[in-house]
Amino acid sequence: PFFPISHATLFSDTEVLDSVEENNKWRQRYGLGLVGEQFIFASFNKHLKITPHVWESWMLILERVPNSVLLLLENPKDSIPNFRKYLAQSGLAPSRLKFCPFVNSSEE
């Protein structure tokens, strides 16, 4: 109801990734510990932008969406232990929080 056309009609068959690119995407996914059919919520902001209110919102979302994870940048790495501690305090499994390395645009 929110979109005037179906997403399925936006791409032609020629725009679908070939098998090599698709395999690379899955390899990257598994390299981050993202397995199976998990739904991935992501925030690629620096950690300073994740306020207590934003963090509480993420925890409520993860609570309500089974088989989902939150993917954050490792930026800065020094704050990762704090996020793990806050996740433990929320009662969610450690596997629900993942971190990915910061990649310069020249490395994408």
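In which sense do strands β2 and β3 pair, and over how many bridges? They run parallel, with four bridges between β2 (residues 68-73) and β3; two strands count as paired if DSSP finds at least two bridges between them. One of these links has K98 of β3 as the bridge partner of L71. Getting from β2 to β3, the chain passes through helix α3 (residues 80-90), and this β-α-β crossover is right-handed, meaning that with the strands pointing away from the viewer, the path from the first strand over the helix to the second runs clockwise. Helices (H or I, at least four residues) and strands (E, at least two) are DSSP runs, numbered from the N terminus.

A quick word on the source: this is a predicted model, where local features need pLDDT of at least 70, side-chain atom pairs count only at pLDDT 80 or more, and totals for chains, interfaces and linings use all residues. Residues are numbered from 1 along each chain as its sequence is written, and side-chain values use heavy atoms, leaving out hydrogens and water.

Now for W55, which sits in helix α2. W55 is buried, at 9% relative accessible area (buried is under 20%, exposed over 50%, partly exposed in between, with a 1.4 Å probe and protein chains only).

| Residue | Contacts |
|---|---|
| W55 | I50, L70, L72, F83, Y86, L87, L97 |
| L97 | W55, L70, L72, F83, R84, L87 |

Conventions:
Contact = heavy atoms within 4.5 Å. Lists of a residue's contacts leave out its neighbours within four places in sequence.
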